[in-house]
Amino acid sequence: MTPRHSPALEASALGAVLALARERATEGITVADLADAAGYSPFHFSRLFSAVLPMSPGQYLTVLRMDAAKRLLLAGTDPVIDVATAVGFDSLSSFARRFRATVGVPPAQMRQLAARLADAPLRPFRLGDPGQPGVRVRMVVPDAVRPSRDVQIWAGWFAQPAPLGVPRGGVLLDAAVDVEIPLCPGYPWLLANVLPAGADPAEQIAPSRLIVAVHPQPIVAPCAVTLRFSPANSTVPILTALPSLWRPE
């Protein structure tokens, strides 16, 4: 007997749902609305969605709203409360807490971060506990996807295999070179992205072209791995404002 539901969202259904989410995330669309569009109950839809993307549909809607807020803050001078309302939040305090947790800086300081970056370009740095055992990482950026001859690469540790929240450790490099990165207990997923060296502040904070690498398995012990970069499918924006992690010496 043919099962009533497939074990995962088919590509066409997933594409339609993601397009709907991107189009209406800031209008207050809900998981129930997405489930209805896909033809499933909210519970079954959430299970199928999470089997394809490394997050729940509710998390995905929040990611889209935070990304929209970040870009609105960088592009204009509207008060934070107006930005919060524009991306579907009724409470300014709730928006500010969620923004800081996912981006790494309060929304009220986003424009100051861009101004600081314009005055002091981002330089290589490390984040994390140097006393932890290390993972040897080989960075491979094929010429076909390299955004410029000179690049900066960020590789960081996340709790999930998606750039959700602020990484607890990592390294910013000025070139695609081999590097040892200390492990980060509780944050086993190694994700990386590459930017053109000298990119303007807005592009460093909210990249428009995502070139990324994700190690396919969690890493919890010393080993050697290779991160091979490729263009992202633009499904999941990078929320962390990388300069917010940097502390000039």
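1. Val212 stands opposite Ser230 in β9. Strands β7 (residues 211-214) and β9 (residues 230-231) pair in the antiparallel sense over 2 bridges; strands are DSSP runs of E of at least two residues, helices runs of H or I of at least four, numbered from the N terminus, and two strands pair if DSSP finds at least two bridges between them.

2. This is a predicted model, in which local features need pLDDT of at least 70 and side-chain atom pairs count only at pLDDT 80 or more, while totals for chains, interfaces and linings use all residues. Residues are numbered from 1 along each chain as its sequence is written, and side-chain values use heavy atoms, without hydrogens and water.

3. β7 also pairs with β6 (residues 189-196), in the antiparallel sense over 3 bridges. Here Leu191 stands opposite Val214 in β7.

4. Val212 and Val214 return in the lining of the largest pocket, where they are among the residues nearest its centre, with Pro163, Val236 and Ile238. A pocket is an open set of points on a 1 Å grid over the protein atoms alone where a 1.4 Å probe fits, with protein on both sides within 12 Å along at least five of seven lines; lining residues have an atom within 4 Å of a point.

5. The lining comprises 30 residues, and its largest share, 4 residues, comes from β6. By class, 23 lining residues are nonpolar (Ala, Val, Leu, Ile, Met, Phe, Trp, Tyr, Cys and Pro), 7 are polar and none is charged (Asp, Glu, Lys and Arg); the others, Gly among them, count as polar.
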